Amino acid sequence: MLTVHAEPYEFAFDPTHTALIIIDMQRDFVEPGGFGEMLGNDVSQLRTAIEPIKRVLAKARTVGMMVIHTREGHRPDLADLPEAKRARGHLSCGIGDAGPMGRILVRGEHGHDIIDELKPLPTEPIIDKPGKGSFHATDLHAILANRGITHLIVTGVTTEVCVHTTVREANDRGYECLVLSDCVASYFPEFQQIGLKMIAAQGGIFGWVAPSSALLTVL
Ligand code: C5J
């Protein structure tokens, strides 16, 4: 077992039963000119996570830790897109429409794919998820169970939406989650700060929080 100095207390894990999960590092959320920016968000807030995730990804690959990538998006026929999600925000250009990087949040489109800096290896499962959580309507739980994974190192965007939803889902399924504070990001600095606090509050109600340096030191 290894231990990481974390909030609210030490996070103990066995790397052979731990997976690194990288959530939704997709062009449409992270790159200038994508859907996120089109909605008026400052994508530079999210881009701060790229280099720290790159370092953790390289280390995970070196030590042979399982790596999982996720992408939020929908079938090209949009049959898995709830009307409530499509209509939310009254957007003139929303999910399924032609956006700056192809059809917005549609599988197979340029904007839907993961940024080049964090390109998955062919051996690393990619979970295509229609919702915010990585477990909802996906085979993530089965994939993790088949590999005997009990602990998750959580990275990606955005802290208060897909990261939080995934950590909450994982927590309810019995996984121990360590969220790396510099490897998750939000368009809103106040949500980043409070989102991280909410995870480790009340004795680690959803999990643990630590900077990536604390993990890299023990790996
Ligand atoms: C959002 C996400 N924010 N990946 N998606 O809609 O957090």
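1. Helix α7 is followed by Gly 174, a residue with a positive phi near 95 degrees. Helices (H or I, at least four residues) and strands (E, at least two) are DSSP runs, numbered from the N terminus. The model is predicted, and local features need pLDDT of at least 70, side-chain atom pairs count only at pLDDT 80 or more, and totals for chains, interfaces and linings use all residues. Residues are numbered from 1 along each chain as its sequence is written, and side-chain values use heavy atoms, with hydrogens and water left out.

2. Helix α7 has 14 residues and spans 18 Å from its first C-alpha to its last, close to the 20 Å expected at 1.5 Å a residue. The expected span is 1.5 Å times one less than the number of residues in the helix. Its buried residues are Thr 159, Cys 162, Val 163, His 164, Thr 166, Val 167, Glu 169 and Ala 170. Buried means under 20% relative accessible area, exposed over 50%, and partly exposed in between (1.4 Å probe, protein chains only). These buried residues of α7 pack against β3 (18–23), β4, β7 (126–129), β8 (151–157), β9 and α8; contact here means heavy atoms within 4.5 Å.

3. Helix α8, residues 189–204, has 16 residues and reaches 22 Å between its first and last C-alpha, close to the 22 Å expected at 1.5 Å a residue. Where does α8 bend? The bend is at Met 198 and amounts to about 30 degrees. The bend at a residue is the angle between axes fitted to the seven residues ending there and the seven starting there. Gln 192, Gly 195, Leu 196, Ile 199 and Ala 200 of α8 are buried. An α-helix has 3.6 residues a turn, so residues three or four places apart point the same way. The cover over the buried residues of α8 includes α7 (159–172), β9 (176–185) and β10 (208–210).

4. How do the two helices meet, and at what angle do their axes cross? The axes of α7 and α8 come within 10 Å and cross at roughly 10 degrees. That crossing makes α7 roughly parallel to α8. Angles under 35 degrees count as roughly parallel, over 145 as roughly antiparallel, 65 to 115 as roughly perpendicular and the rest as oblique. Axes are lines fitted to C-alpha atoms, for helices over the stretch in contact, and angles run from 0 to 180 degrees between N-to-C directions. Helix α7 contributes Thr 159, Glu 160, His 164 and Arg 168 to the contact, while α8 contributes Phe 191, Gln 192, Gly 195, Leu 196, Met 198 and Ile 199. By class, the contact of α7 with α8 has 4 nonpolar, 4 polar and 2 charged residues. Ala, Val, Leu, Ile, Met, Phe, Trp, Tyr, Cys and Pro count as nonpolar, Asp, Glu, Lys and Arg as charged, and the others, Gly among them, as polar.

5. Two peptide bonds deserve attention when the backbone is inspected. The bond joining Glu 7 and Pro 8 is cis, with omega about 5 degrees; Pro 8 is found in the loop between β1 (2–4) and β2 (11–13). The bond from Val 157 to Thr 158 is also cis, with omega near -15 degrees, and Thr 158 is found in the loop between β8 and α7.

6. Positive phi values also occur in residues other than glycine. Asp 24 has a phi near 55 degrees, is found in the loop between β3 and α1 (27–30), and is buried at a relative accessible area of 0%. Leu 105 has a positive phi of about 50 degrees. Leu 105 lies in the loop between β6 (102–103) and β7 and is buried, with a relative accessible area of 3%.

7. Val 67, in strand β4 (residues 66–72), is buried at 4% relative accessible area. Its C-alpha is 8.6 Å from that of Pro 120, a residue 53 places away in sequence. Not counting residues up to four places away in sequence, Val 67 touches Leu 20, Ile 22, Leu 57, Ala 60, Glu 124 and Pro 125.

8. Leu 152 and Met 66 are 86 residues apart in sequence, with their C-alpha atoms 9.7 Å apart. Beyond four places in sequence, the residues that Leu 152 touches include Phe 11, Ala 19, Leu 144 and Ala 170.
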